[in-house]
Amino acid sequence: MNSTKNLTISPRLAKNFRRNFIERLIELGLLFSGIIAVFITIAILYVLISEAIPFFQHVSIYEFLTDTVWTPNFSIKHYGILPLVSGTLTTTGIALIVAVPLGTITAIYLSEFATHKVRETIKPILELLVGVPTVVFGYFALMIVTPFLQKIYPDLSTFNMLGPGIVMGIMIVPYIASLAEDAMRAVPMAMREGAYAMGATRYQTAVRVITPAAISGIIAAYILAISRAVGETMIVAIAAGQQANFTFNPVESAATITAYIVSVALGDLEHDGIGYQSIFAAGLTLLIMTLFLNILGHIARKKFAERY
Amino acid sequence: MKKDLKPKPIKDLGLMRALIAKHKRFDSLFAILGIFVLASLTITLLILFLDLVIDGYPRLNLDFFSNFPSRRAARAGILSAWVGSSLVLIVTFLSAVPLGIAAGVYLEEYAKKNWLSDLIEINVSNLAGVPSIIYGLLALGLFVYQFGLGQTILTAGLTLALLMLPIVIVSTREAIRAIPVHIREAAYAVGATKWQVCLQHVIPYSYGGILTGVIIGMARAIGETAPVITIGALTFIAFLPPSPVGIEPPFINFDWLNAGFTVLPIQMFNWISRPQLAFHINAAATGAVIIMLTLLMNGAAIKIRYNIRKKIKW
């Protein structure tokens, strides 16, 4: 009796065991896929730092951060990151001057003024624009916007920071509009109703109630847009020139950090040469800048999420 | 005390009406400003796009798609570029999509709230914000030199997969989160294991949302230029990589993975960088092709998402 009972149970137990084993295996596989994200981050840091270390053995960090000349391809070599940073900041600044007002107005309009139907039509169009490749925007900057600006201001050189800055601004308007609008829509309806009940107009509600309430979300949108502009490559590589130039004057041509990396990569890369290592040092600078901005944006967004 | 808090009523009706009218004017002024901003943005972009298409129109014919790049602008085409783009995208798709879905399923269905899942989550959102050129540097240091893969289709495909991965993970998670708990509970109640619940219920029901993310990611991968330039893609390719499908057995070969290549945006960049005007026409034509592709893909993704939102009621 006992032995037959055992026989009927043990295959079931065995099946259960197999089932559990497979389940654990699959879970491990899925966990591994998740951990790849961590691996990628580690790999980025490892590659940038390990390639930048030989560079910093050749060039002191002090020189890198304070020298105002960047001429790795000349006979007298200078490795000061400041000219590349100034180019990056100038194009980013122009982009923000264009994108912040336009993006904010669009967000307030879509969130507080537009009818449901208008919003549902405009938002997908904004999302479509986010998908336009940046190399195409680079073409616009070089072939259309700069010649147009030259008609107004004839002294403008073919490669300048103004044209690409403006185009970059147009490119990031959808980011700001979409993120800021999300933040404003997330403000509880009760606050709007309260304002309306007090007799406030839509404009008063939008500017004095909704915008202050959503301010940390809106600031997060700005910060993410800055991070986007700082890391933007093709527009500036095509239209802002590839010669490092320590200037904040938008009508001059100047390379950004990203444009420098592209110009080196387009040439013949001599593996383990100082030119090769310098793009990793430049990349590390860029990564630190964007990482700082992303953390700031994350904090702002979290603060916003906590309030509601 | 209470009397002091009461607002003083405006006795003069005319003053009050003037005040209301003033605020209402502000209201409509801002509405007009909003419409003006939106309209000027749309018109600017429309002009830019139309200009691109008009500039490139003379070259947009079948020969353009079936010719190799050439020193003579009028005879140059984008054959090697679009074949290269397609092959790179195959690699990207095959590596990013399974990994991304698996990671998304893990984070939503399996992960317990602990330091490990927090770490993964922070990394995913952080990777989405890393500039694309940094991925190019990573691939240059890691894939090209450390792994010795060289400047090949495989390297480019994997690089773009890194870029696409966060997009797939995030969209998978969002899609899974929309599935109500009772679906899972019903499956568990009839004895399904966790993986069976995921494979037979959670993943199929979140299919649309995942597809949206995949299409958006692929559209981004098509237009992405900087990382592919950084790994050292060639700009002048007058040959095709070996065909992935052969007529003789074993029918499928993998030689194409190790071939040199160029992609559409790099071809465009190359033509923009040339001083001759004739090449700029080619660049515009290539740009028009890229824009059509990405707009179509993104449009499809948005449409799919819209349909899901409308259709599914749990």
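Ala300(B) is placed in helix α13 of chain B, in what is a predicted model. Ala300(B) has 15 C-beta neighbours inside 10 Å and therefore counts as partly exposed; a residue is buried only if 20 or more other C-beta atoms lie within that distance, and exposed if 12 or fewer do. Along the chain, Ala300(B) and Ile216(B) are 84 residues apart, yet a distance of 9.0 Å separates their C-alpha atoms.

Helix α13 (277–311) of chain B also belongs to the surroundings of another helix, α12(B), whose buried residues pack against α13(B) among other elements. Helix α12 of chain B spans residues 264–272, and nine of its nine residues are buried, so the helix is largely enclosed by the rest of the structure. The buried residues are Leu264(B), Pro265(B), Ile266(B), Gln267(B), Met268(B), Phe269(B), Asn270(B), Trp271(B) and Ile272(B).

The contact between the two chains can next be considered as a whole. Chain A takes part with 67 residues and chain B with 68 residues. On the side of chain A that touches chain B, helix α1 (residues 2–58) of chain A gives the most, with 20 residues. Sorted by class, that side of chain A has 43 nonpolar, 18 polar and six charged residues.

In chain A, domain 1 covers 2–58 and domain 2 covers 82–307. The C-alpha centres of these two domains of chain A lie 39 Å apart. Where domain 1 of chain A meets domain 2 of chain A, each contributes eight residues to the contact. The domain 1 side of this contact in chain A consists of six nonpolar residues, one polar residue and one charged residue.

Chain B is likewise assigned two domains, with domain 1 at 10–56 and domain 2 at 61–311. In chain B, the domain centres, taken over C-alpha atoms, are separated by 39 Å. Five residues of domain 1 of chain B are in contact with six residues of domain 2 of chain B. On the domain 1 side of that contact in chain B, three residues are nonpolar, one is polar and one is charged.

In chain A, helix α3 (residues 82–113) and helix α6 (residues 162–185) pack at an angle of about 35 degrees, with axes 6 Å apart. The crossing of α3(A) and α6(A) is right-handed, and their contact comprises 20 nonpolar, seven polar and two charged residues.

In chain B, the axes of helix α8 (residues 181–189) and helix α9 (residues 194–205) come within 10 Å and cross at roughly 160 degrees. Angles over 145 degrees count as roughly antiparallel, and α8(B) and α9(B) are therefore roughly antiparallel to each other. The crossing of α8(B) past α9(B) is right-handed. From α8(B), the residues Ile183(B), Arg184(B), Ala187(B) and Tyr188(B) meet Val197(B), His201(B) and Tyr205(B) of α9(B). By class, this contact of α8(B) with α9(B) has five nonpolar residues, one polar residue and one charged residue.

Key: Residues numbered from 1 in each chain as written. Chains lettered and ligands numbered in written order. Predicted model: local features only at pLDDT ≥ 70, side-chain atom pairs only at ≥ 80, totals over all residues. Contact = placed C-beta atoms within 7 Å. Helix = DSSP H or I, 4+ residues; strand = E, 2+ residues; numbered from the N terminus. Nonpolar A, V, L, I, M, F, W, Y, C, P; charged D, E, K, R; others polar. Domains from an automatic or database assignment. Axes fitted to C-alpha atoms, helices over the stretch in contact; angles between N-to-C directions. Parallel < 35°, antiparallel > 145°, perpendicular 65-115°, else oblique. Left-handed = near helix turned anticlockwise from the far one by under 90°.
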